[in-house]
Amino acid sequence: MLNLIVIFSFVFIVFTLNSIYLAASSNRRLAKLQLAQVVQSTSLTESTTSLPVSTQRGFKILGNLASVFSRIMGPKFMSRLGNNLINAGIALRPEEFILLDTITALLFLVLSSVFVPSRIVSIIAGLAGLWLPFLVIALLKKNRLIKFEAQLLDGLVLLANGLRSGLSLMQAWGVAAREIEPPLSDEFKKVIRENSLGVGVKESLQNMSERVQSKDVELVISGILIQREIGGNLAEVLDSIAYTIEQRIKMRGKIKVLTAQGRISGVIVSLLPILLGAFIFTFYPEFGEVLLTDPIGKMMLVGAAVSLLIGIYIVHKVVTFDD
């Protein structure tokens, strides 16, 4: 068992170091991944040609394993995962992420089986390790979307001013992409890049809307496309959309304040069982051992975990409002 821990720990550390290396050059790698989505012509080995030979061999082995996961998961899931990785700012391909996710789950499974020799606990730990990387993606993607929407008003102002000065839509779009900060500038530059590769303006804007998955962006893209169909003053249209988005942001702030007490209560109630369990296992381990060794205790732990998850979900739905 100790040998298994050493092996999985070694594999996990090696893959983590490779991920750190990729993160150090994340801007270049993200640009390649984004370009690959447009031209659909890059592969895993093409993105690593600048690495040392030994590292390239390691990526070749990882690529062969990753291709197996790609076939198992299916093209739709891998495509959606790739979009989520880019939107989260993670410079990994879907195959690489699935491989890292699998290693994390196996590591959690082995460690839990050593420290807590229980099948149920080991299964729960393995599932937690499998779910944890996806949780990281969701959190990073959410934070990036919040920053994106916070910058959108400034971007619309720059677009409207550029149009008033006599620039075309793509020219004003390029000026805005140079003036604003990431992550909004990244998406604006992606639209410019797609357009320079021969993708139409309409398709480029629709691709941006599909990638970002924001209602504010959908509103902006719809307004621009409608104006291109029926004509009119696009600068005034953008000003009107900017005002609407500003009011939506204020309304979200009010809702957040009104639901603050409920959200805090939900967090406290959700943490109480976990803190109580930690207290019992720390100061009264003889009671905790019964829950881990007795079949009824194991059933109670599973029931408590399921009930806790259901309660967290219900509280989240109660205090969360859709736009």
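Which residues of the largest nonpolar core touch the most other members?

A: The structure is a predicted model, in which local features need pLDDT of at least 70 and side-chain atom pairs count only at pLDDT 80 or more, while totals for chains, interfaces and linings use all residues. Residues are numbered from 1 along each chain as its sequence is written, and side-chain values use heavy atoms, with hydrogens and water left out.

In the largest nonpolar core, which has 31 residues, Leu 156, Trp 173 and Phe 188 touch the most other members. Such a core is a set of buried Ala, Val, Leu, Ile, Met, Phe, Trp, Tyr and Cys residues joined through side-chain atoms within 4.5 Å; buried means under 20% relative accessible area, with a 1.4 Å probe and protein chains only. At least two residues of this core come from each of helix H6 (119–164), helix H7 (169–179), helix H8 (184–196), helix H9 (201–212), helix H10 (215–230) and helix H11 (234–258). Helices are DSSP runs (H or I, at least four residues) and strands likewise (E, at least two), numbered from the N terminus. In soluble globular proteins, nonpolar side chains tend to be buried together.

Phe 188 has contacts, meaning heavy atoms within 4.5 Å, with Leu 159, Trp 173, Ala 176, Ala 177, Ile 180 and Met 208, when residues up to four places away in sequence are not counted. A second, separate core holds 10 residues, among them Leu 85, Ala 88, Ile 90 and Ile 137.

Ile 137 is also in contact with Asn 84, as is Lys 141, leaving aside the neighbours of Asn 84 within four places in sequence. Asn 84 belongs to helix H4 (residues 75–87) and is buried, with a relative accessible area of 18%.

Beyond four places in sequence, Asp 216 touches Glu 149, Leu 152, Ile 245, Arg 248 and Arg 252.

As for the chain, it has 14 helices and zero strands, and 34% of its 323 residues are buried. Of the contacts between residues at least 6 apart in sequence, 65% join residues at least 24 apart.

Definitions and conventions. Buried < 20%, exposed > 50% of the residue type's maximum accessible area, 1.4 Å probe, protein only.
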